[in-house]
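Here is a short briefing on a protein model. Please look through the sequence and the structure first.

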Number of protein chains: 2
Amino acid sequence: MSSKGLLIVFSGPSGAGKDTVLKSLMEREPGVRLSVSATTRGPREGEQDGRDYYFISRERFDQLVAEDKMLEHAEYCGNCYGTPSEPIEAWTQEGCDVILEIEVQGGAQIKKKRPDCVSIFILPPSLEVLEHRLRRRGTDSEEAIQKRLAAAKGEIAQALQYDYVIVNDDLEPAVEQMAEILRSEKQKSIRNKDFIERML
Amino acid sequence: MSSKGLLIVFSGPSGAGKDTVLKSLMEREPGVRLSVSATTRGPREGEQDGRDYYFISRERFDQLVAEDKMLEHAEYCGNCYGTPSEPIEAWTQEGCDVILEIEVQGGAQIKKKRPDCVSIFILPPSLEVLEHRLRRRGTDSEEAIQKRLAAAKGEIAQALQYDYVIVNDDLEPAVEQMAEILRSEKQKSIRNKDFIERML
């Protein structure tokens with residue numbers, strides 16, 4: 001059966017619990033890796049090249065874009081950020097599933113370039129729960145919370161563009177659903193063409 | 001989240017273990033039901049109307065076809081067989097997943113009429129294992145076995161038309177994969193449109 005890993009686009013509004021789900025998933029599934037972005041900004045204290053980001057020059061960044069070796073890219077506050085395709089290709093060839101945590105615009109760019117990717121959108125149980133979670137963090141001003149909520153609505157409106165949605169009500173069922181989606185995707189006939197053809 | 005049940009088209013060559021997988025799946029998943037075919041032939045001893053088949057007149061059968069209330073139908077040895085859509089609609093509305101065990105031509109007819117169905121093809125681990133299983137049954141002549149093997153190759157060549165393939169090497173993992181596919185399909189965003197829209 002299919003031995004190549006999956007490319008997974010993973011999005012959801014702030015407060016939906018993306019990081020918690022990913023952390024828990026990676027603890028139980030050793031074959032899952034997180035994609036590392038490339039950036040032209042300098043490393044901050046404690047950041048490690050190849051783990052937090054690939055820190056590269058603007059020249060190198062532009063070259064990767066020109067050679068179509070970025071799955072998506074964007075400029076933010078004068079720095080460039082992007083997803084280099086080569087490490088993802090190497091990992092999926094090894095059989096690892098690679099997860100790309102990304103906002104919805106970047107997710108759409110990737111879906112276009114890699115229609116074989118699996119896209120998953122994580123939802124809060126309701127907007128009320130999302131608001132409650134954002135307040136509980138205690139890090140944002142009222143204005144910031146209202147901004148995040150408005151942004152969340154815009155993002156959730158894009159959820160139908162994704163293949164799957166997961167509601168993060170309780171952590172464990174959400175992580176289990178994600179693991180099941182990855183396993184089921186590997187049973188897709190299109191991913192097992194070689195196996196079927198070898199059998200005949 | 002999605003409360004409507006799935007319509008599942010389930011096919012595979014003789015000897016792949018379709019019945020064993022379904023029996024085991026239904027023992028562990030009470031929300032799964034098997035679709036019942038309609039036929040114009042008379043009931044045989046022990047057969048029960050509504051359990052083994054819906055036994056109906058030729059007139060009624062033709063009427064259901066004319067009213068587009070058969071998902072697929074075929075004539076075999078002078079009798080008509082078909083899949084009435086109304087019981088399936090009622091069960092999926094109740095939230096049950098309905099499995100249709102059917103050969104590949106019938107499966108293709110259903111996929112056309114109900115593109116929202118989930119199609120699963122069950123494969124043996126290899127043609128050698130399939131041959132061994134057919135021989136072990138001890139019910140077929142050498143000629144019948146060769147015929148079944150030739151038919152199996154033709155059927156397996158259609159596996160790529162199905163959404164998923166499951167290799168039935170060991171029963172338990174095969175049943176688990178099938179249960180996971182059904183659960184994952186319910187996480188598809190398209191099946192949760194109402195939930196997402198209600199949230200906004």
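Lys69(B) is partly exposed, at a relative accessible area of 27%; buried means under 20%, exposed over 50%, and partly exposed in between (1.4 Å probe, protein chains only). This is a predicted model, in which local features need pLDDT of at least 70, side-chain atom pairs count only at pLDDT 80 or more, and totals for chains, interfaces and linings use all residues. Residues are numbered from 1 along each chain as its sequence is written, chains are lettered from A and ligands numbered from 1 in the order in which they are written, and side-chain values use heavy atoms, with hydrogens and water left out.

**Salt bridges within a chain**

- Lys69(B) forms a salt bridge with Glu67(B), with the closest N and O atoms 3.3 Å apart. The term covers a side-chain nitrogen of Lys or Arg within 4 Å of a carboxyl oxygen of Asp or Glu.
- Glu67(B) is partly exposed, at 37% relative accessibility.
- Over all chains, the count is 52 salt bridges.
- Arg114(A) and Glu89(A) join their side chains in one of these, at 3.9 Å from N to O. Arg114(A) sits in the loop between α4 (104–113) and β8 (118–123) of chain A, and Glu89(A) in helix α3 (residues 85–94) of chain A, so the pair ties together parts that are 25 residues apart in sequence. Helices (H or I, at least four residues) and strands (E, at least two) are DSSP runs, numbered from the N terminus.
- Arg114(A) is buried at 16% relative accessibility. Glu89(A) is partly exposed at 30%.
- In chain B, Arg33(B) forms a salt bridge with Glu94(B), and their closest N and O atoms are 3.6 Å apart. Arg33(B) belongs to strand β2 (residues 32–34) of chain B, while Glu94(B) is in the loop between α3 (85–93) and β7 (97–101) of chain B, so this pair ties together parts that are 61 residues apart in sequence.
- Arg33(B) is partly exposed, at 28% relative accessibility. Glu94(B) is exposed, at 54%.

**The sheet of chain B**

- Five strands make an open sheet in chain B, in the order β2-β7-β1-β8-β9, with parallel pairing. Two strands pair if DSSP finds at least two bridges between them.
- The edge strands are β2 and β9 (164–167) of chain B, and each pairs on one side only.
- On average, neighbouring strands of this sheet are turned by 30° against each other, direction ignored. Axes are lines fitted to C-alpha atoms, for helices over the stretch in contact, and angles run from 0 to 180 degrees between N-to-C directions.
- Strand β8 (residues 118–123) of chain B runs parallel to β9(B), joined by four bridges. Phe121(B) has Val165(B) in β9(B) as its bridge partner.

**Strand β1 of chain B**

- Five of the five residues of strand β1 (residues 7–11) of chain B are buried, so the strand is largely enclosed by the rest of the structure.
- In a regular strand, side chains alternate between the two faces of the sheet.
- Leu7(B), Val9(B) and Ser11(B) point one way from β1(B), Ile8(B) and Phe10(B) point the other way, and all are buried.
- β1(B) pairs with β7(B) in the parallel sense over four bridges. Phe10(B) stands opposite Glu101(B) in β7(B).
- β1(B) also pairs with β8(B) in the parallel sense, over four bridges. Val9(B) has Ser119(B) in β8(B) as its bridge partner.

**Where the chains meet**

- In chain B, 32 residues are in contact with 32 residues of chain A; contact means heavy atoms within 4.5 Å.
- About 2800 Å² is buried between chain B and chain A, and carbon and sulfur atoms give 69% of that area. Buried area is the accessible area (1.4 Å probe) that two parts lose on being put together, summed over both.
- Leu160(B), Gln187(B) and Met199(B) supply 23% of the area that chain B buries against chain A, more than any other three residues.
- Two salt bridges are counted between chain B and chain A. Arg183(A) forms a salt bridge with Glu180(B), at 2.6 Å between the closest N and O atoms.
- From the side of chain B that touches chain A, α6 (142–156), β9, α7 (171–185) and α8 (193–199) of chain B each supply at least two residues. The largest share, five residues, comes from α7(B).
- Arg28(A), Glu29(A), Glu172(A), Glu176(A), Arg183(A) and Glu180(B) are linked in a network of salt bridges.
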